[in-house]
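User: I've got a two-chain model open and would like to learn how to read it. Could you walk me through it feature by feature?

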Amino acid sequence: MSDVTAHPSAGWARWQRSWWYHAVLYARTWRGSVISTAVFPLLFLAAMGVGVGHLVSQHAGRVQGLSYLDFIAPGLLATTAMQIGEGESTWSVLGAVKWQRTYHAAISTPLEPEDVLLGKLSWVGTRALATGVIYTVIIGLFGALHSWWALSLPLVATLIALAFAAPLVAWTCTLENEGALITFYRFAIVPMFLFSATFYPVSAYPGYLRPLVQLAPLYHGVALARAGADGHGSLGALSAHVAVLGVMAVAGLLWGRHTLRRRLVN
Amino acid sequence: MSVEDLVVEARGLVKRFGAFEAVHGIDVEVRRGESFGFLGPNGAGKTSTMRMISAVSTPSQGTLRILGLDPATHGPTIRARLGVVPQEDTLELELSVRVNLEIYGRYFDLPWSEVKERTRELLEFVQLSERANSKVDDLSGGMKRRLTIARALINRPELLILDEPTTGLDPQARHLLWDRLYRLKREGVTLIITTHYMDEAEQLCDRLVVMDQGSIVAQGAPSELIEQHSTREVVELRFAQDEHEPLRASLEGFASRVEVLPDRILLYVNDGDEVVGQLGRAGVNPASTLVRRSSLEDVFLRLTGRTLVE
């Protein structure tokens, strides 16, 4: 062995190590996630966009001035981003702090709990960004992009994924078992997927229900993605959507610092 | 002794979890190059102490220096020089043996070439070279334990902390691990070990402390502890009758201490053979007699009791 000694690196280098760990883990176990993040949305795009879209164009013509395919394609990008954020931040985090305790192993090294958290979230962001690029290309191939603003779609996907991942990592760190995760998926993620104006406009709801829909974080993600693909939208509304998602991501990060440290150190 | 020779120096160390106090103000000094044991029943506070000494958990009170540094301000610097083998293996089951070591090596910011080289050498050291590409999930318990030890050595630590390193292993795997720990000690690595196995403590530890309910109840070299807290020999008597308690009075004159157990009676004495002769002459006729040397286990049970602690 040569005589290189281990030394603690600066904070920046430390959380990169954790990013790398999450990337390696994904590279070795990616097959399971391909169905939910790639195949499903594409099937949806084909079945709903082309199939239901045909029906829509025969009866109603257009939805909010868009063809049905144009309307739902960005919505599916947003829901996929949500699914990446949710999928990376629940079961795998509970496993890492409770069952396999691999995060405990990580903090026996120079890494601090904050490094593990940043490594995790930066990995989620990376995955959402890459998926966003692939989706944008595919949506383009389906002919559903109409503006150079579409180039922002991968960033929109990243923002959506982080808005879900950051608070969910924080919350998962407080859980003792998986029961709450199952409930959360059934009663929050699935309804959000169905009712966040992904498949039809919010105007389909009676007026008193609309504010409720607008409370759903995914609603803001869908609206942002749709504006990106289409190139239309008011600055005020778009800023509000970005702000909602951004606040969720930042608040989640701050909360997660607290809960992950508490979970790992005590 | 100079300060640099103390790898761990703890004064009045306390750990509280809410209202519960797991460690009640213990003093510990571990010297460079020695092999130091923490013994105690479940719930004695060993693991809480280990986690503080690993610079992971912060003491609630007291002072702690590890490698001469304060863990509250130098956590990453200290941990860069420690190796930790936790009670549970905490390996990444989905990844291969090799990748588990590589990830850990990268946590220490070692260059790639160095990580590759050390991974190869450590797998050889723990006899896992042939399993380098196996998924960890497919390894036996003993192999996982060896891999966890290899992982703890990737940064070439000055201090190796092992929390129950051989619990659940078969005798072959235990002896292989002991052998590896001896070698590390010969190379100058300081070892801190917790264990439930008294034979392991006698084999491995130069000095040890016995903890019970968060406090240190005895400390010293294994031989010193036996000398202080037990007699040189123990006579184990078994009788045909089931009821042993009535025999106690007739035996008390022969030993410095008599312990009545459901299946046998223990006499703590200095010369076992002589006492057996005396018993024969006095007309005490046990069904079987065994004379043995006092062990650390006798000391441990004397200090922490035979009652099961859950």
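User: Let's start with a detail: which residue with positive phi follows α10(B)?

Analyst: Keep in mind that this is a predicted model. The residue is B:Gly283, with a phi near 85°.

User: And how do I read the helix itself? Which residues of α10 in chain B are buried?

Analyst: Start with the general idea. An α-helix has 3.6 residues a turn, so residues three or four places apart point the same way. Now the case here: helix α10 of chain B covers residues 272-281, and its buried residues are B:Gly272, B:Val275 and B:Leu279. Looking down the axis of α10(B), you find these within an arc of 60°, so they line one face of the helix.

User: Which exposed residues sit on the face turned away from the buried side of α10(B)?

Analyst: That face carries B:Asp273, B:Gly277, B:Gly280 and B:Arg281.

User: What do the buried residues of α10(B) pack against?

Analyst: Three strands of chain B: β10 (233-238), β12 (265-269) and β13 (288-293).

User: Now cores. Which residues touch the most other members of the largest nonpolar core?

Analyst: For a core, look for buried nonpolar residues that are joined through contacts. The largest one here has 140 residues, and A:Leu77, A:Ile160, A:Ala161 and B:Ile161 touch the most other members. Helix α7 of chain A, residues 153-172, gives the most to this core, with 14 residues. Take A:Ala161 as an example: leaving out residues up to four places away in sequence, it touches A:Ala81, A:Ile84, A:Gly85, A:Val124, A:Gly125 and A:Ala128. There is also a second, separate core of 13 residues, which includes B:Leu237, B:Val258, B:Val269 and B:Leu279.

User: Let me try a single residue. Why does B:Leu122 count as buried?

Analyst: Count the neighbours: a residue is buried if 20 or more other C-beta atoms lie within 10 Å of its own. B:Leu122 has 23, so it is buried. You'll find this residue in helix α4 of chain B, residues 112-125. Beyond residues up to four places away in sequence, B:Leu122 touches B:Leu101, B:Ala150, B:Leu153 and B:Ile154.

User: How do I read a whole chain? How many helices and strands does chain A have?

Analyst: Chain A has 11 helices and 0 strands. Its radius of gyration is 20 Å, close to the 18 Å that the globule rule gives for 266 residues, so chain A is as compact as a globular protein of that length. The C-alpha trace spans about 70 × 40 × 35 Å along its principal axes, and 47% of the residues of chain A count as buried.

User: And what does chain B come to in helices and strands?

Analyst: Chain B comes to 11 helices and 13 strands. Its C-alpha trace spans about 75 × 45 × 35 Å along the principal axes. Of its 310 residues, 45% count as buried.

Technical notes: Residues numbered from 1 in each chain as written. Chains lettered and ligands numbered in written order. Predicted model: local features only at pLDDT ≥ 70, side-chain atom pairs only at ≥ 80, totals over all residues. Helix = DSSP H or I, 4+ residues; strand = E, 2+ residues; numbered from the N terminus. Buried ≥ 20, exposed ≤ 12 C-beta atoms within 10 Å, placed from the backbone. Contact = placed C-beta atoms within 7 Å. Rg over C-alpha atoms; globule rule 2.2 N^0.38 Å. Core = buried A, V, L, I, M, F, W, Y, C linked by C-beta atoms within 7 Å. Arc of directions from axis to C-beta.
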